[in-house]
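Student: I'm new to this one and would like a close look at a single part: the side-chain contacts. Could you walk me through them?

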Amino acid sequence: MSFAARLDAELEQFKRDGVYKRLNYLEAPQAARTKMQGRGEVVILSSNNYLGLCNAPDVVAAGKRALDEFGAGTGSVRFICGTFTIHRELEQALARFVGCESSLTYVSCWNANEGLVPTLLGEQDIVISDQLNHASIIDAIRLAKTITKCQTAVYRHSDMVDLEDKLRAAKHTRLKLIFTDGVFSMEGDIARLPDIVALARKYDAVVAVDDSHATGVLGRSGRGTAEHYDMLGQVDIITSTLGKALGGAAGGFTAGPTALANYLTQRSRPQLFSNALPPTVAGSALAAVRHVEHHPELVTRLHDNARYFRERLLALGLRPLQGETPIVPVILGETAKAIQMSELLLDEGVFVTGFGYPIVPQGHARVRCQLSAGHTRDDLDFALGAFRRVGTKLGLI
């Protein structure tokens with residue numbers, strides 16, 4: 001069998017298994033409503049555009065200004081060809097926003113995570129990871145284990161007894177790094193940060209939080225999981241993204257003490273061997289941070305929308321997971337049913353994605369709704385009407 005034929009056969013199996021991912025092409029900006037090729041206008045309930053900033057005029061304008069001032073690209077890596085002042089300005093703003101001394105940007109949060117763990121840990125060290133952490137954390141740990149031969153452990157999801165057992169067993173290691181998501185993207189639940197930090201202090205460990213689904217989302221002013229718990233400045237390391245609530249373009253960052261940013265600048269391979277963010281992205285992300293700082297009411301509106309949508313789904317007789325975040329998964333059980341529901345909803349003009357195994361555990365397939373401050377009440381009522389019709393058709397209501 002040829003190489004291409006083997007790939008085709010595997011792709012066909014993906015389709016039979018119900019895990020084949022179809023790309024839908026948008027003809028207008030990412031927003032609460034947009035135009036989808038072949039579908040017309042749709043309401044988007046599958047986007048990380050939590051604050052509706054992807055197409056905010058000041059965010060777009062800032063990207064255009066940066067393009068005019070700094071050009072399209074960076075030309076090489078930062079220590080070789082120079083660092084644009086827009087990157088320094090963005091990193092200062094990000095550090096201030098999440099309550100840290102300093103930050104360093106990467107082309108994605110995936111890169112930030114992969115640049116963190118293998119750089120900090122060696123054979124004498126251990127990283128202890130939550131069972132439901134994002135794939136980028138998992139791959140960062142796998143990479144570190146392969147390259148640096150560090151030790152690894154996984155604790156049951158948000159199980160503090162199990163985490164303490166893992167910390168106790170690792171008492172003779174040099175660096176103990178606890179790595180957790182702030183908001184778990186498939187469940188929509190929040191890490192037990194006060195308990196994690198307390199255990200870290202007890203066992204002389206360092207806490208790293210990937211706040212990608214919390215930056216711009218949690219806390220009174222959107223500063224993330226730490227602000228949600230009134231713990232700004234108490235988290236050792238925060239990694240996060242610019243590709244979700246902060247304008248949605250691309251990029252990520254690692255924040256922490258100044259020594260960490262300096263050390264990563266010297267030793268982190270994704271930083272040393274990859275170009276910096278395009279200046280346009282840095283400019284638009286900086287404008288997004290400033291926009292959130294000046295408009296904390298967006299965070300309030302986001303949570304009002306999430307609360308309204310979750311309550312109305314419950315009233316329809318559906319089963320959304322309870323929580324405090326704008327991630328609202330509707331549990332359906334079977335993968336085929338989740339995929340079918342997402343397809344029927346798209347026919348109704350609502351774009352929301354169905355997830356099944358292996359992305360989520362067997363029997364826990366779902367459609368994952370993600371709310372935005374950009375949604376109007378009319379948008380949400382339109383989507384709820386579609387859920388009512390499709391849920392009735394599938395015998396769920």
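**Side-chain contacts, pair by pair**

Tutor: Let's start with Arg220 and Asp230, whose side chains meet in a salt bridge at 3.2 Å, N to O. Keep in mind as we go that this is a predicted model. This pair links distant parts of the chain: Arg220 is in the loop between β7 (206–210) and α9 (225–228), while Asp230 is in the loop between α9 and β8 (237–241), 10 residues apart. Both ends are out in the open, with Arg220 exposed and Asp230 exposed too. Elsewhere, salt bridges that share partners join Arg156, Asp159, Asp162 and Lys166 into one network. Within that group, the side chains of Arg156 and Asp159 meet at 3.1 Å, N to O. Arg156 counts as partly exposed because its relative accessibility is 47%, which falls between the 20% and 50% cut-offs.

The structure holds 24 salt bridges altogether. Another of them pairs Glu89 with Arg290, with the closest N and O atoms 2.6 Å apart. Here the two partners are 201 residues apart, Glu89 in helix α4 and Arg290 in helix α12 (residues 279–294), so to speak a link between distant parts of the chain. Glu89 is partly exposed at 34% relative accessible area, and Arg290 is partly exposed at 38%.

Now for the rings. There are two aromatic pairs in the structure. In one, the ring centres of Phe70 and Phe84 are 5.3 Å apart and the planes sit at 55°, so this pair is tilted. Phe70 belongs to helix α2 (residues 57–70) and Phe84 to the loop between α3 (78–81) and α4 (85–98), 14 residues apart. Phe70 is buried, at 17% relative accessible area, whereas Phe84 is partly exposed, at 24%.

The other pair is Phe309 with Phe387: their centres are 6.0 Å apart and their planes at 80°, so they count as edge-to-face. Phe309 is in helix α13 (residues 297–316) and Phe387 in helix α15 (residues 377–393), so the pair ties together parts that are 78 residues apart in sequence. Phe309 is buried, with 0% relative accessible area, and Phe387 is buried at 0% as well.

Arg377 lies over the face of Tyr308, 3.8 Å from the ring centre. The charged end of Arg33 sits over the ring of Phe382, at 5.1 Å from its centre.

Key
Residues are numbered from 1 along each chain as its sequence is written. This is a predicted model: local features need pLDDT of at least 70, side-chain atom pairs count only at pLDDT 80 or more; totals for chains, interfaces and linings use all residues. Side-chain values use heavy atoms; hydrogens and water are left out. Rings of Phe, Tyr and Trp (its six-membered ring) pair if their centres lie within 6.5 Å; planes under 30 degrees apart count as stacked, over 60 as edge-to-face and the rest as tilted. Helices (H or I, at least four residues) and strands (E, at least two) are DSSP runs, numbered from the N terminus. Buried means under 20% relative accessible area, exposed over 50%, partly exposed in between (1.4 Å probe, protein chains only). A charge sits over a ring if NZ of Lys or CZ of Arg is within 6 Å of the ring centre and within 35 degrees of the ring normal. A salt bridge is a side-chain nitrogen of Lys or Arg within 4 Å of a carboxyl oxygen of Asp or Glu.
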